2 protein chains.
Amino acid sequence: MANFARLSAFICLLATPALALWPLPTLLETGNTTLTLSQNFTIELVDVEAPVDLVAAIERTKLHLASDKLQRLVVDRGASDAESVAVAPQLSSLKLSLTGEVTTISEETIKPLEDRVEGYTLQIPDDGGEAVITANTTLGLLRGLTTFEQIWYDVNATTYTLEAPFNIVDTPAYPYRGLHLDTSRNYFSVDTIKHHLDTMSMVKINTFHWHVVDSQSFPLIIPGYEVLAENGKYDNESIYTPEDVAGIIAYANERGIDVIAELDTPGHTTIIGNSFPEHIACPEATPWTTYANQPPAGQLRIASDDTRNFTKELVKATANMFNSQYFSPGGDEVNANCYRDDAETQEELEAQGIDIEEALDGFMNTIADGLREVNKTTVVWQEMAIAHNVTMPEDTLFFIWISAADALAVVQKGYRVIHAASDYFYLDCGMGAWLGDFPGGHSWCDPFKNWQKAYSFDPKANMTETEAELVMGGQSLLWAEQSDEHNLDQIVWPRAAASAEVFWSGEGGDAKAATQRLHDVSFRMRKRGVNSIALQPLWCALRENDCDLNP
Amino acid sequence: MANFARLSAFICLLATPALALWPLPTLLETGNTTLTLSQNFTIELVDVEAPVDLVAAIERTKLHLASDKLQRLVVDRGASDAESVAVAPQLSSLKLSLTGEVTTISEETIKPLEDRVEGYTLQIPDDGGEAVITANTTLGLLRGLTTFEQIWYDVNATTYTLEAPFNIVDTPAYPYRGLHLDTSRNYFSVDTIKHHLDTMSMVKINTFHWHVVDSQSFPLIIPGYEVLAENGKYDNESIYTPEDVAGIIAYANERGIDVIAELDTPGHTTIIGNSFPEHIACPEATPWTTYANQPPAGQLRIASDDTRNFTKELVKATANMFNSQYFSPGGDEVNANCYRDDAETQEELEAQGIDIEEALDGFMNTIADGLREVNKTTVVWQEMAIAHNVTMPEDTLFFIWISAADALAVVQKGYRVIHAASDYFYLDCGMGAWLGDFPGGHSWCDPFKNWQKAYSFDPKANMTETEAELVMGGQSLLWAEQSDEHNLDQIVWPRAAASAEVFWSGEGGDAKAATQRLHDVSFRMRKRGVNSIALQPLWCALRENDCDLNP
């Protein structure tokens, strides 16, 4: 460990930063010594027996170290490194040191946001001495392993870095760093979701926001409500059984990812009417443009006691399938025309002497009460705090989606927010209209959000320090009107890595400096079977900044 | 064949058109009788021995008929068809009748555009009698086989149609229907290109416009000029050997696709300077924004006799690798600043007493002369006719790319044109800036061109009948700054099918009526291993027009 004394000298000599590290660690000190991984390289947890999911994580890291074989993104692809690699000291072991309680990664992953501890330190000496990851939790050790995997390149079948020694002290700026996926408009298979979870974990995304059902299809088999999927699935292959869900959760949790499910209400629920028509107002009403933001129209009858109770129990049953502290009953895009033209709703409003806004307040709070009964915290879309007079419980989290600027109004009401803004983080924007009979139509959220746009995001824009404390983090989102598993990798990766870094490192901003690192992330993803797209011609990827607008 | 007498009656009863046919045939008459394919279904060429590539095409059709197993895109996916399918007459054979000379498909495919004969007729009776494709050429028979493959669906492992009998008389409106691919900015493997050729052939695209080299990389190994690829390839895996090229051409020709290669000149050629620095002006000059439309800058020295002769011989050697009647020496985006600031070019211009425009005219005509020496017809980008005072040979074809509106000026000069307009057919537009240090930057050709935009194209807009005769057809194009084989299927398909129909059927226009057919094309492509993207939620794909903007 004596080498770290020389670190400050090395930093001055450093030509390029440690390219592959994404998200960028809180503190990163590197040198310029070549170091290789020994053929007999080992990883072990010291002093205590490793929990089963940490053992699995270590095995995955070993596998990645052996199989990544990523060449450096320079013109000679690292060929000129071979000379120093041949005579370099070899790193023979990585020790994991757990300073806190011995718990599984999965247990740590699903703790409340304020209790989740993901920090770690990583030291790699340059003399062949052992490397060490120290963390207070197994979840922190997992994050350290993920960083360790990103250090290495390959030349002539040797795994090496040019930048030893490393001193990394790292902890996320925000506890929530998510990726949202919609599995209703088009279906994604269980294997595809797991593949996606692996990729999320590469960039330390810790939340899978699963918009599992919507008006178009209901693939989720909910115990006690099996009829919803029976009458709402696209086909027999396009379902998630309770076992599938448990498998996805376990797979996610082991990789440091919490699964927050969403059963959107009261809008986006037409399909429930296939099984329970009594609960749906304006089912498939036409023209859909009057009654919904997209076809088919139909919303839960918010003024009906029966429907409130039905929905409360349905949401509870769904929430009970998941082990997350959080569950979302949605709350976006409630259409007033639907209730205006629904005779039953109008009768119920009149009988109770309330208006639509009051009914909505009662409806959402009934659901939130239900979620509290099963010990869940409610997460809703922003409209519940801004567009409507709904008073949600104090601990409710809000997804900010319509515009990033809307976050301010919600934190000013004292609520916690998750950035999920369409103007920065919607992965489906800008691909042209998907509605039929609309030649040349744009997507509603044009233009396309490229990674640089997401990376320019400031999570605390215009907020006081106190307001900023209510920002829990943020996420990229994919609505699946024009996506399914045939293009999932391509539409998500590497773009979603931009928000992953913004919310881990605290800010993005300098896309110029980040471009080369993101190329590296993307090329490493490809080594792991992810069809991450090319950001630029390879000519540019091999020549840092030569393809900048102002080089 | 007696059943055709009843056709007119059936047409009146028809609920939906034969969904999967794309491009739409010139004449399509269908009935409403259920017909299945016999387990012992055979295809054979009558009277004469089939050429080897027709035999292969027949085998591919048999394979597709057995393996497509496409369900109908209706809510019950065809389950309710099972009853009529169980008792339906069976089609036991398809006869191919060749009325013209016995030649190979490949021979017919590479004939000059004006001599290419792709028409055919297809009759399928509804009583189990034999089906017949009649054509004057084997290429026409191939097109008929392709149409025949699109007739069929699957229910309970039975291949069937609900719309027998069929009477189809079909011939393309335009002889050129292309797809352009750029293999320089990022590389596409030989297998990926072949996969792509298979997909092109599904929608009767008959030209692969191969922009094979550019400033970023030079993957093509040209006999006598091997040094260009040696010094210009990205890596040893990213090359096309002469054998690869011959293999691609043979694969394409057998599928009715002509391969028109492009070696872009005098711009987009910096990389030639790696091997022949004497021929390149402003090599990698900075800032690139002054000297080129994208990095790196550098152009062939158009005023140098040596460079003219070098280029002429290089183009001839390249053209000789291809069996097409056509070859493109490019001609787009010539940058005047590059020559203005190049001392050698300025000296040469002065010595010859000419200006840049005159030098360009001499340069391009020297190349065209060279192409004539090897019996090729020259194809160039539109600037040679509009932006510059270049007088190309009369038989030159022009790609119209900057704006569809520019076609008019070129045909008014008496030249033949190929529509390739960025405002309709560029598949790479609208995905955000790829240049670095450009947060939130748009692509230069925003917005994204969705299939409906391409489909709205009118090939003869504002032209007189005589002018319109100079329209040879058109194509979709993919420039590969943000694409490589990891996202090729997704960015091209099914969008490129839109231009394929516009230029086969003569016009697109009614996207409302075409949406359901394009879903069908896309789903059938998936059955053949193409990752064609979802155009809409599956809910919409199963409910024709329910997701139209104005349903």
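Select A:Ile249 and display its surroundings: apart from neighbours within four places in sequence, this residue is in contact (heavy atoms within 4.5 Å) with A:Val259, A:Met321, A:Phe322 and A:Asn323. The model is a predicted one, in which local features need pLDDT of at least 70 and side-chain atom pairs count only at pLDDT 80 or more, while totals for chains, interfaces and linings use all residues. Residues are numbered from 1 along each chain as its sequence is written, chains are lettered from A and ligands numbered from 1 in the order in which they are written, and side-chain values use heavy atoms, with hydrogens and water left out.

A:Ile249 belongs to helix α8 (residues 242-254) of chain A; helices (H or I, at least four residues) and strands (E, at least two) are DSSP runs, numbered from the N terminus. At 6% relative accessibility, A:Ile249 is buried, where buried means under 20% relative accessible area, exposed over 50%, and partly exposed in between (1.4 Å probe, protein chains only). Then draw a distance from A:Ile249 to A:Ala511: their C-alpha atoms are 34 Å apart, across 262 residues of chain.

Next, colour two annotated spans of chain A. Residues 21-151 are 29% helix and 29% strand, with end C-alpha atoms 7 Å apart. Residues 174-506 are 35% helix and 16% strand, and their end C-alpha atoms are 7 Å apart.

Now select A:His180, in strand β7 (residues 176-182) of chain A. Is A:His180 buried or exposed? Its relative accessible area is 1%, so A:His180 is buried. Beyond four places in sequence, A:His180 touches several residues, among them A:His209, A:His211, A:Trp381 and A:Trp479.

Show A:Arg143 and A:Glu118, whose side chains meet at 2.8 Å, N to O. A:Arg143 lies in helix α5 (residues 138-149) and A:Glu118 in the loop between α4 (105-109) and β3 (120-124) of chain A, 25 residues apart. A:Arg143 is buried at 0% relative accessibility, and A:Glu118 is buried at 2%.

Move to A:Arg301 and A:Asp342, a salt bridge with its closest N and O atoms 2.9 Å apart. A:Arg301 is in the loop between β11 (299-300) and α10 (305-319), and A:Asp342 in the loop between α11 (336-340) and α12 (343-352), so the pair ties together parts 41 residues apart in sequence. A:Arg301 is buried, at 6%, as is A:Asp342, at 8%.

In chain B, select B:Glu230 and B:Lys233, which form a salt bridge at 3.4 Å, N to O. B:Glu230 is exposed, with 52% relative accessible area.

Finally, display both chains together. How many residues of chain B are in contact with chain A? There are 57, meeting 57 residues of chain A. Across this interface there are 4 salt bridges. One salt bridge to select is A:Lys512 with B:Asp437 (3.8 Å, N to O). On the chain B side, α9 (288-291), α16 (451-455), α20 (511-527) and α21 (538-541) each supply at least two of the residues touching chain A.
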